[in-house]
Amino acid sequence: MEAYKEQFIDFMVESKVLKFGEFTLKSGRKSPFFMNAGAYVTGSQLKRLGEYYAKAIHDKYGDDFDVLFGPAYKGIPLGVVTAIAYSELYGKEVRYCSDRKEVKDHGADKGGFLGSELQDGDRVIMIEDVTTSGKSMEETVPKVRGAANVEIVGLMVSLDRMEIGKGGVKCALDEVKELYGFDTNAIVTMAEVVEYLYNKPCNGEIVINDEIKAAIDEYYKQYGAKK
């Protein structure tokens, strides 16, 4: 596993973004792990988060894109901090864009988007925290493709939960790929998280012990996506 992936897993646990125990998800599923990207709240955390996204995007796509698109609302700060990090780490200026939940009908920046205007020929990478149902893509992909003649190169999320999406067979990222025809990736997958953290100290404690590992295995027997 690449060093930045291991560092990102430690970072998620240190920031209390990724927790282990028993959690009831929005879907009603009882999960032994929970990720809350809203727990990245400080300047240093957001700076590091942007760097991890930038490294993962560079690792996968190189410099072959022009715009980072972050769906409102959570994707807005992700797009901003990643664009900053990309400039600092790789010396490439990429533009940031996001949609508005409500179209602005006054002032100089009317319309349904924030940040850079999308232009014909732009190569766009979508950026999100975690995709469990693909609902945000349902709302934003038509907006992006309708704004200009762009190519959506791919989607990058922070964590692939690797569980079944709306279709009940494939994971949400694979469903998005199949439905919209662009590449989907994550900085890390839950399989990588478990492999890295199992019986390994993180901040002085074991966060995935035998009991948690057994609960995760049981969860994936029921909700794991078919590859």
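Strand 1 (residues 18-24) and strand 2 (residues 30-35) run antiparallel and are joined by five bridges, where strands are DSSP runs of E with at least two residues and helices are runs of H or I with at least four, each numbered from the N terminus, and where two strands pair if DSSP finds at least two bridges between them. Within this pairing, Lys-19 stands opposite Phe-34 of strand 2. The two strands form a hairpin with five residues between them, and in the turn Gly-28 has a positive phi of about 95°. The model is predicted, and for that reason local features need a pLDDT of at least 70 and side-chain atom pairs count only at pLDDT 80 or more, while totals for chains, interfaces and linings use all residues. Residues are numbered from 1 along each chain as its sequence is written, and side-chain values use heavy atoms, with hydrogens and water left out.

The helices come next. Two packed helices are described by the angle between their axes and the distance between the axes; here the axes are lines fitted to C-alpha atoms over the stretch in contact, and the angles run from 0 to 180 degrees between N-to-C directions. The axes of helix 1 (residues 3-14) and helix 2 come within 11 Å and cross at roughly 150°, which makes helix 1 roughly antiparallel to helix 2, given that angles under 35 degrees count as roughly parallel, over 145 as roughly antiparallel, 65 to 115 as roughly perpendicular and the rest as oblique. Helix 1 passes helix 2 in a left-handed crossing, a term used if the near helix is turned anticlockwise from the far one by less than a right angle, with right-handed used if the turn is clockwise. On the side of helix 1, the contact (heavy atoms within 4.5 Å) is made by Tyr-4, Gln-7, Phe-8, Phe-11 and Glu-14, and on the side of helix 2 by Gln-45, Arg-48, Leu-49, Tyr-52, Lys-55, Ala-56 and Asp-59. By class, this contact of helix 1 with helix 2 has six nonpolar, two polar and four charged residues, where Ala, Val, Leu, Ile, Met, Phe, Trp, Tyr, Cys and Pro count as nonpolar, Asp, Glu, Lys and Arg as charged, and the others, Gly among them, as polar.

Helix 2 (residues 43-61) also packs against helix 3 (residues 75-90), at an angle of about 70° and with the axes 7 Å apart, so helix 2 and helix 3 are roughly perpendicular to each other. Helix 2 passes helix 3 in a right-handed crossing. Among the residues that make the contact are Leu-46, Leu-49, Tyr-53 and Ile-57 of helix 2, together with Leu-78, Val-81, Ala-85 and Leu-89 of helix 3. The contact of helix 2 with helix 3 has, by class, 11 nonpolar, three polar and four charged residues.

Tyr-73 has its place in the loop between strand 3 and helix 3.

Phe-69 has Met-126 as its bridge partner in strand 6. Strand 6 (residues 123-127) is mostly covered, with four of its five residues buried, that is, under 20% relative accessible area, where exposed means over 50% and partly exposed in between (1.4 Å probe, protein chains only). Strand 6 pairs in turn with strand 7 (residues 151-160), in the parallel sense over five bridges, and Met-126 stands opposite Leu-155 of strand 7.

Val-157 lies in strand 7 and is buried, with a relative accessible area of 0%. The C-alpha atoms of Val-157 and Met-126 are separated by 8.5 Å, although the two residues are 31 apart along the chain. Not counting residues up to four places away in sequence, Val-157 touches a set of residues including Tyr-53, Val-130, Leu-173 and Ile-187.

Two asparagines complete the tour. Asn-199, in the loop between helix 6 (190-197) and strand 9, has a positive phi of about 55° although it is not a glycine, and at 42% relative accessibility it counts as partly exposed. Asn-203, in the loop between strand 9 (201-202) and strand 10 (205-206), also has a positive phi of about 55° without being a glycine. At 55% relative accessibility, Asn-203 counts as exposed. Asn-203 and Val-176 are 27 residues apart in sequence and 35 Å apart in space, C-alpha to C-alpha.
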